[in-house]
Amino acid sequence: MGVHVAHVVIDGGIAGERLLSKRPELQDSRGPDGLLNIDAIADAYWTLHHQHRSAWTQELDLRPWSESF
């Protein structure tokens, strides 16, 4: 049917107005790569949307670079 269904896990704080207005110190305490960038999340979804169907992703995990696994 050509329908691509994927599960996206966003595992971390998002550096947006909602979070930073409540916890402004978070940006400094987590460092430059400690929160997820909104544009980077959008890019990941756009890439997922444009994947060739011969290699579809079923699950995508988005985490801040500085987070240990």
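Modeller: Start with a term: a contact means heavy atoms within 4.5 Å. This is a predicted model, where local features need pLDDT of at least 70, side-chain atom pairs count only at pLDDT 80 or more, and totals for chains, interfaces and linings use all residues. Residues are numbered from 1 along each chain as its sequence is written, and side-chain values use heavy atoms, with hydrogens and water left out.

Biologist: Among contacts between residues at least 6 apart in sequence, what share joins residues at least 24 apart?

Modeller: The chain follows the pattern β-α-α-α-β along the sequence. Helices (H or I, at least four residues) and strands (E, at least two) are DSSP runs, numbered from the N terminus. Of the contacts between residues at least 6 apart, the share joining residues at least 24 apart is 67%.

Biologist: Which residues are linked in a network of salt bridges?

Modeller: A salt bridge puts a side-chain nitrogen of Lys or Arg within 4 Å of a carboxyl oxygen of Asp or Glu. D11 pairs with R63 at 2.9 Å, N to O. D61 forms a salt bridge with R63, the closest N and O atoms being 3.4 Å apart. The network links D11, D61 and R63.

Biologist: How many residues apart in sequence are the parts that the D11 and R63 pair ties together?

Modeller: The side chains of D11 and R63 meet in a salt bridge. D11 lies in the loop between strand 1 (7–10) and helix 1 (17–22), and R63 in the segment after strand 2 (59–62), so the pair ties together parts whose separation in sequence is 52 residues.
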